[in-house]
Protein chains: 2
Amino acid sequence: MQVTVKLPDHKSEDCRAISSVLARVGDKWSVLIIVLLGDGPKRFNEIKRAVGGISQRMLTLTLRGLERDGLVTRTQFPTIPPRVDYELTDLGRSLWSAVEPLGVWARSHVGHITKARAGFDEKADLQE
Amino acid sequence: MQVTVKLPDHKSEDCRAISSVLARVGDKWSVLIIVLLGDGPKRFNEIKRAVGGISQRMLTLTLRGLERDGLVTRTQFPTIPPRVDYELTDLGRSLWSAVEPLGVWARSHVGHITKARAGFDEKADLQE
DNA sequence: CTGAATCCCGCCAGATACTG
DNA sequence: CAGTATCTGGCGGGATTCAG
């Protein structure tokens, strides 16, 4: 009886695809913004304040990237002063749910990692 | 009847913790290497060849980082020529399983995203 | 073979100022 | 308010060389 593990073969195209998505997820701001938009549409400065520490430029660029990927929608109201709302698309929400396990993992293992880092650094310090 | 959604409150510490993990996951090479090590320990150059396109320097730095975080172990055999094996720790494997949903999501939505990008870019081109 | 060390360039993000 | 435009410094990362 054959007992092969059916690994989804790692073609280079798959790698690139995953990398492409991971680049978005790994982006310092993208996920934070997606999380924020998780509970409803928000305005530009609203996001800026909520995230904290992001420059106007980066927020603009990040939002553009998310919009380009079809993860958020941008709707502007022709009022004065202007008002622009950003909202998660269905795709965005599905990404959000795919990212959640990672968040859970993060919260439950951060302590472990922090300790590992401390131990590693301590050892490194003793060597020199 | 009240229908509140119980969101895990987003404290800044949580954000930093998640960001810290996301930084690792988002790192261009970390996850690829973790995936590779998923089916058993591998040698330095073995990883280098398998990943493809990574510089020696980056591979070294990435592996150090993963080791520091307690995600992989480094065991060197005092032979000539030297031989070093890298292997996933339990923590590393648990991260791997947390990342998997993302991989699944990526594969099933890459087409959608690619199309979204194309559409976005086309619109942008028409404007100018 | 597995690394450490050095040089060096490109681009990325922050700061700032300006526009509709 | 919600962006663009421009400049600039820092540093991430490739290429190369040396070492054990």
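Let's start at DNA strand C: 17 residues sit around it, and B:N45, B:Q56, B:R64, B:R74 and B:Y86 come nearest. Here a residue is "near" a strand if one of its heavy atoms lies within 4 Å of it. Sugar and phosphate make up 67% of the atoms of DNA strand C that come within 4 Å of the protein. Keep in mind that this is a predicted model, in which local features need pLDDT of at least 70 and side-chain atom pairs count only at pLDDT 80 or more, while totals for chains, interfaces and linings use all residues. As for bookkeeping, residues are numbered from 1 along each chain as its sequence is written, chains are lettered from A and ligands numbered from 1 in the order in which they are written, and side-chain values use heavy atoms, with hydrogens and water left out.

**Around DNA strand C**

- The side chain of A:S55 has an N or O atom 3.2 Å from a phosphate oxygen of DNA strand C.
- For B:R43, an N or O atom in the side chain is 3.1 Å from a sugar or linking oxygen of DNA strand C.
- Two or more residues of this surface come from each of these elements: α4 of chain A, plus α3 (44–51), α4 and β3 (83–88) of chain B.
- Those labels are for helices (H or I, at least four residues) and strands (E, at least two), which are DSSP runs numbered from the N terminus.
- The top contributor near DNA strand C is α4(B), with 4 residues.
- Sorted by type, the surface near DNA strand C has 7 nonpolar, 5 polar and 5 charged residues.
- In that sorting, Ala, Val, Leu, Ile, Met, Phe, Trp, Tyr, Cys and Pro count as nonpolar, Asp, Glu, Lys and Arg as charged, and the others, Gly among them, as polar.

**Around DNA strand D**

- DNA strand D has 16 residues around it, and the nearest are A:Q56, A:R64, A:R74, A:Y86 and B:S55.
- Of the atoms of DNA strand D that come within 4 Å of the protein, 67% belong to sugar and phosphate.
- A:R43 places a side-chain N or O atom 3.0 Å from a phosphate oxygen of DNA strand D.
- B:S55 also meets a phosphate oxygen of DNA strand D, at 2.7 Å from an N or O atom in its side chain.
- A:Q56 goes for a base instead: a side-chain N or O atom is 2.5 Å from a base nitrogen of DNA strand D.
- At least two residues of the surface near DNA strand D come from each of α3 (44–51), α4 (56–68) and β3 (83–88) of chain A, and α4 (56–68) of chain B.
- Here α4(A) gives the most, with 4 residues.
- The surface near DNA strand D splits into 7 nonpolar, 4 polar and 5 charged residues.

**How the two chains relate**

- Chain B has an open sheet of 3 strands in the order β1-β3-β2, with antiparallel pairing (two strands pair if DSSP finds at least two bridges between them).
- Its edge strands are β1 (42–43) and β2 (72–77), each pairing on one side only.
- β1(B) and β3(B) pair over 2 bridges, and B:K42 has B:Y86 as its bridge partner.
- β2(B) and β3(B) pair over 6 bridges, and a hairpin joins them through 5 residues.
- In chain A, A:R43 has A:D85 in β3(A) as its bridge partner.

**How confident is the model?**

- Chain A averages a pLDDT of 86, and 84% of the residues score at least 70 (pLDDT is the predictor's confidence in each residue, from 0 to 100).
- Over residues 2–7 of chain A the pLDDT is below 50, and this stretch has 1 contact in the model beyond near neighbours in sequence (contact means heavy atoms within 4.5 Å).

Terms used:
A polar contact is a pair of N or O atoms within 3.5 Å; within protein, one must be able to donate a hydrogen and the other to accept it, and residues adjacent in sequence count only if both atoms are side-chain atoms.
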